[in-house]
Amino acid sequence: MNENLKHRIKARILKALHLVALFIAMAIICVPGLWIVLNSFRPTVEIMAKPPVWIPSELNLDNYRAMFGAVGEGGVPVVQYFTNSLIISVTSTVIAILVGMAGGYAFARYRFKGKAGIFIGLMLTRAVPGVSLSLPLFIVMAKTGLIDTHVGLILVYVALNVPFTIWLIDGFFRQVPIELAEAAEIDGCTRWQAFWKVEFPVARAGIASAGIFAFLTSWNEYALASQLTRSTFSKTMPVGLRDFTSEFTINWGGMCALAVLMIIPALILTFIVQKHLIAGLTFGGVKG
Amino acid sequence: MSRLKPPAWFVLLLPAIIILAAVVLIPLLLSLYSSFTPYRLTRPDSLYRWIGFANYEKALTSIHFWTAFGRTVLLLTIALNLEMLMGLGLALLVNKVTWGQRTLRTIMMFPMMFSPILVGFQFKFIFNDNVGLVNNALQSLGLTDQAIPWLVDGKLAFFSILVAEMWSATSVFAILILAGLFAVPRDPIEAATVDGCTPWQTFRHITLPFIMPFIYIALAIRSLDVARAYDIVQIMTNGGPARRTELLWTLIGRTGYVDARMGYANAMGYISIFLAIFFTVYFFRKLNAARGELGMAS
């Protein structure tokens, strides 16, 4: 009886500790982001107030209004940046996924000479730091006239995402038992049909998660975009954030508003695909 | 009909190879060449003067280069290890939850949606000595009455950058390790429990070996990506004040774009590329070994 009670108390303490730890971890994850959201609704006076104002007395949409309204008069052309970002990220993600699916399938299902070498070679192209790549890329793009265009940035982002996409998709195809595809082929499917009807649906979730990673990478990339874009015609939002900084001051409120605008699409997308993502990641169970 | 056809794998890989050659390989060859010239953006003709290894010599004998190099390696080592441990902890915490796990997972992915440059600005704001969240909180709680210069003092700035970097990347580890935890088969764990293993033993000898490949995947992904720290550092301190947080990448960026000394910057760029390659190959080998243990290698 006593033993039993002790055990129960211990279990309960452990559970409480678990919840507390979880709460703290989640708070650390959330607070910096929520702070940005909060500040995007606050007037600059309150952000800069000393001593700090903890309970906001006034929340308004001024920062957003300024962001969307003041185009042309030295304001930040946010809508244009948003469109640029969207076009560039979506296009490059779609292309990267297609190229990555082909490549990942090749690595997962075919045996060939120098496979490990080619694979590492592909991965290493991703390891090149953006800064080191941006210098020569800047020269090449300037020579070919691709600088400050959507096409230029899309090409760069496809190249940036392909190695990683191949890798992720390779991993997911590997987890699809090869017997599945073989069974389909024995039943009279061509390899192509076997791929679309059997392997692709099974690995779809994995491909979706590769897509999220690719999208987020292009959506958020800064080091290369900051050098390869010059004007509002191709500037993406991460580069646009800099428009809120001037020599000595930073317009924190405006910047927070743009930051929120940047996060929302990423948030929505992740939310939609999350179901696939979780399903895809749990699919590893098949292998065990 | 049977003309010499390229093998299927080659056709499948061709698009990837072409795009990578065009966007990465050719520029890198150009940068390799220019690293042997005194190329300056302002003087295009300097691209055709061959000066051998002078740029590399200059970099390797420069004290600025070596401090930046050392600081980069230090930052990477500390950040990757701490992120891995915290990611593992977070994944275990979330894995134990039975109710509302989906919401937790969504929250967990939150930092991954933040652009590194945004993380940079965010933490620059948070660590701002005048209006920042940290100083405001410390002062309101009465823990200190002066503004702590988080981004001005060399050591504190390094710490702030580390916090920003960890905030943005820990969740990558957590998500991938969580995926690994889902993939752990139930049977051996149950068997171990029946056989009287303590939870720690079960974790150490069954769960951990199983999620090792996922940890290495996460480490390898991050090592491919660590240069993203450039965005964060560039925004938070840009290597300053007075080079006290200078990393290899900020040094390269400044030399290339501000001083316009492309040749010299490219030479240092190559050194940073080799550093990245070293990290990547290292984790990739570990990954293959871990996969081999599970029989997942091909």
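This is a predicted model: local features need pLDDT of at least 70, side-chain atom pairs count only at pLDDT 80 or more; totals for chains, interfaces and linings use all residues.
Local features are taken where pLDDT is at least 70, and side-chain atom pairs count only at pLDDT 80 or more, while totals for chains, interfaces and linings use all residues. Residues are numbered from 1 along each chain as its sequence is written, and chains are lettered from A in the order in which they are written.

**View 1. Chain A is built from helices.**
Chain A has twelve helices and zero strands. Helices (H or I, at least four residues) and strands (E, at least two) are DSSP runs, numbered from the N terminus. Read from the N terminus, the elements run α-α-α-α-α-α-α-α-α-α-α-α. The radius of gyration of chain A, taken over C-alpha atoms, is 24 Å, well over the 19 Å that the globule rule gives for 288 residues, so chain A is more spread out than a compact globule. That rule is 2.2 Å times the number of residues to the power 0.38. Along the principal axes, the C-alpha trace of chain A spans about 80 × 70 × 30 Å. Of the 288 residues in chain A, 45% are buried. A residue is buried if 20 or more other C-beta atoms lie within 10 Å of its own, exposed if 12 or fewer, and partly exposed in between; C-beta atoms are placed from the backbone. Among contacts in chain A with a separation of 6 or more, 76% join residues 24 or more positions apart. Two residues are in contact if their C-beta atoms, placed from the backbone, lie within 7 Å.

The assignment gives domain 1 (2–64) and domain 2 (70–286). Such bounds come from an automatic or database domain assignment. The domain centres, taken over C-alpha atoms, are 32 Å apart. Ten residues of domain 1 and seven residues of domain 2 take part in the contact. On the domain 1 side, helix H1 (2–40), helix H2 (44–47) and helix H3 (62–69) each supply at least two residues. H1(A) gives the largest share, four residues. By class, this side of domain 1 has five nonpolar, four polar and one charged residues. Here Ala, Val, Leu, Ile, Met, Phe, Trp, Tyr, Cys and Pro count as nonpolar, Asp, Glu, Lys and Arg as charged, and the others, Gly among them, as polar.

**View 2. The largest nonpolar core has residues from both chains.**
This core has 163 residues. A nonpolar core is a set of buried Ala, Val, Leu, Ile, Met, Phe, Trp, Tyr and Cys residues joined through C-beta atoms within 7 Å. Val156(A), Val158(A), Ala159(A), Leu258(A) and Ile177(B) have the most contacts inside the core. Helix H7 (residues 150–175) of chain A gives the most to the core, with 16 residues. Domain 1 (2–64) and domain 2 (70–286) of chain A both give residues, so the core lies between them. Beyond its neighbours within four places in sequence, Leu258(A) touches Met67(A), Val78(A), Met237(A), Gly240(A), Leu241(A) and Phe244(A).

**View 3. Chain B meets chain A.**
The contact takes 70 residues from chain B and 71 residues from chain A. Helix H1 (residues 8–34) of chain B supplies the largest share of the chain B side, 15 residues. The chain B side divides into 54 nonpolar, 13 polar and three charged residues.

**View 4. Chain B carries record-based spans.**
Chain B has twelve helices and zero strands. Its C-alpha atoms fill a box of roughly 85 × 75 × 30 Å along the principal axes. An unreviewed UniProt entry lists residues 69–283 of chain B as "domain: ABC transmembrane type-1". UniProt positions are given in the numbering used here, feature names are shortened, and annotations may be inferred rather than shown by experiment. The span 69–283 is 75% helix and 0% strand, with its end C-alpha atoms 20 Å apart. The unreviewed entry also lists "transmembrane region" spans, including 106–127 and 205–224 of chain B. Residues 106–127 are 64% helix and 0% strand, and their end C-alpha atoms lie 26 Å apart. Residues 205–224 are 100% helix and 0% strand, with end C-alpha atoms 29 Å apart.

**View 5. Asp231(B) is a buried residue in a helix.**
Asp231(B) sits in helix H10 (residues 229–236) of chain B. It counts as buried because it has 26 C-beta neighbours inside 10 Å. The C-alpha atoms of Asp231(B) and Pro116(B) are separated by 5.8 Å, though the two residues are 115 residues apart along the chain. Leaving aside neighbours within four places in sequence, Asp231(B) is in contact with Tyr222(A), Ala223(A), Pro116(B), Ile117(B) and Gly120(B).
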